[in-house]
Amino acid sequence: MSSPIVLGIESSCDETGAGAGLVREGRLLGHAVASSMDEHARYGGVVPEIASRAHLHALRPVVRQALDEAGLALSDIGAVAVTTGPGLSGALQVGLAGAKGIAYALGVPLYGVHHLAGHVAADTLEHGPLPNPCMVLIVSGGHTSLLLVRDLARDPIVHLGDTLDDAAGECFDKVARVFGLPYPGGPAIDRTARSGDPRAVPFPRPLPGSYDFSFSGLKTAAARWAESHAGRELPVADGAASLQEAVADVLTRKAVAACTEHGVGTLVVVGGVAANSRVRSLAEERCRAAGIDLRVPPLKLCTDNGAMIAAVGDLLVRAGAEPAPLDVSIDPSAPLEYATLHPVAVGVVAA
């Protein structure tokens, strides 16, 4: 018998995504994303209240769009998966409320999913099941982690390294602002770097010899370099190229080293920063030299989207995982331990 169709809903931050349809070993049937990025760009960063309201307005249309793309009706959905953390509290609540409403109305199981596990599963929609084991490098605006992953639906996720302060994407956003580039900073840095010299500025490579990540010092070094040009024209392209090279060097060097040390033959790079052209090209170069298979999702699956949450839901359904309890809640700061995330809010008793 075929697996049920899983609807995935993602609303952890600035984008509302709905992916409908993962049937028979993770095949993506429908996919839609509504972004509120333009509204946030006016303020140079994500505004939680704007994000929540945008999710509220976009949720029903993106679900409908994903269903239409797949040629499905709402009644065809056999399970619902939703991001329950981490993320912005208000934004998560919107997604969870919508997912509960759909699941309860249809009488189908609901699964709470950890946002970062969704990024890991995104690659399966393009390249098939993850090798067991595999090394996963998650690089996004709020997270940079190096993980040893076995069975994503069943096994605990082993953290080899995590960000200690600024994540890679956060570093790009903050330095882009200093350089006078628009938000979001990652794509702006990438575009600007194309005409720059990546060797022009000797930016530091933080935490050599460790699998943890720290980009706060790199951010500060870039800001001080920009300040040193006060009264002169800032060579933004060289600064952007040098910053991008430093970030890509740190990320890929640590990831390949971890693969070698742990005897893992596949590296999976996911998250928004996985869309960065230099991160992708340097990862390809170093993995090829080390004899490591590299897997990176297509650009449309690197940023937040509902398809990746549906991918986790599909894995959980096929693994026989327990659905979420009726009172499942959100956890805005949930650590990544398992792909499932079924927190239950503790009630407050009035005096």
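Predicted model: local features only at pLDDT ≥ 70, side-chain atom pairs only at ≥ 80, totals over all residues.
**Cysteines, cores and helix packing**

The sulfur of Cys 134 lies 8.9 Å from the closest cysteine sulfur, that of Cys 259, which is too far for a bond. Cys 134 is buried, its relative accessible area being 0%. For Cys 259, the closest cysteine sulfur is in Cys 287, at 6.3 Å, and this distance is also too far for a bond, because a disulfide requires two cysteine sulfur atoms within 2.5 Å. Cys 259 counts as buried as well, at 1% relative accessibility. The structure as a whole holds zero disulfides.

The largest nonpolar core comprises 49 residues. Within this core, the residues with the most contacts are Leu 137, Phe 179, Phe 215, Leu 243, Leu 251 and Leu 267. Both strands and helices give two or more residues to the core: the strands are E6 (134–139), E7 (144–149) and E9 (266–270), and the helices are H6 (168–178), H7 (185–193), H8 (216–227), H9 (236–262) and H10 (277–290). The largest share, 13 residues, comes from H9.

Leu 137 illustrates the contacts made in this region. With residues up to four places away in sequence not counted, Leu 137 touches Ser 145, Leu 146, Phe 213, Leu 251, Ala 255, Leu 267, Val 268, Val 269 and Val 270. One of these, Val 270, belongs to a second, separate core of 32 residues, which also includes Leu 316, Leu 336 and Ala 339.

Helices H6 and H9 pack against each other at an angle of about 175°, and their axes are 11 Å apart. H6 is therefore roughly antiparallel to H9, since angles over 145 degrees are classed in this way. On the H6 side, the contact involves Ala 168, Cys 171, Phe 172 and Val 175; on the H9 side, it involves Leu 243, Gln 244, Val 247 and Leu 251. Of the residues in this contact, seven are nonpolar, one is polar and none is charged. Leu 251 of H9 is also listed among the residues with the most contacts inside the largest core, and it is one of the residues touched by Leu 137.

Leaving out residues up to four places away in sequence, Thr 84 touches Leu 92, Leu 96, Gly 112, Val 113, Val 328, Ser 329, Ile 330, Asp 331, Leu 341 and Pro 343.

Conventions
Residues numbered from 1 in each chain as written. Heavy atoms only, no water. Core = buried A, V, L, I, M, F, W, Y, C linked by side-chain atoms within 4.5 Å. Buried < 20%, exposed > 50% of the residue type's maximum accessible area, 1.4 Å probe, protein only. Helix = DSSP H or I, 4+ residues; strand = E, 2+ residues; numbered from the N terminus. Contact = heavy atoms within 4.5 Å. Axes fitted to C-alpha atoms, helices over the stretch in contact; angles between N-to-C directions. Parallel < 35°, antiparallel > 145°, perpendicular 65-115°, else oblique. Nonpolar A, V, L, I, M, F, W, Y, C, P; charged D, E, K, R; others polar.
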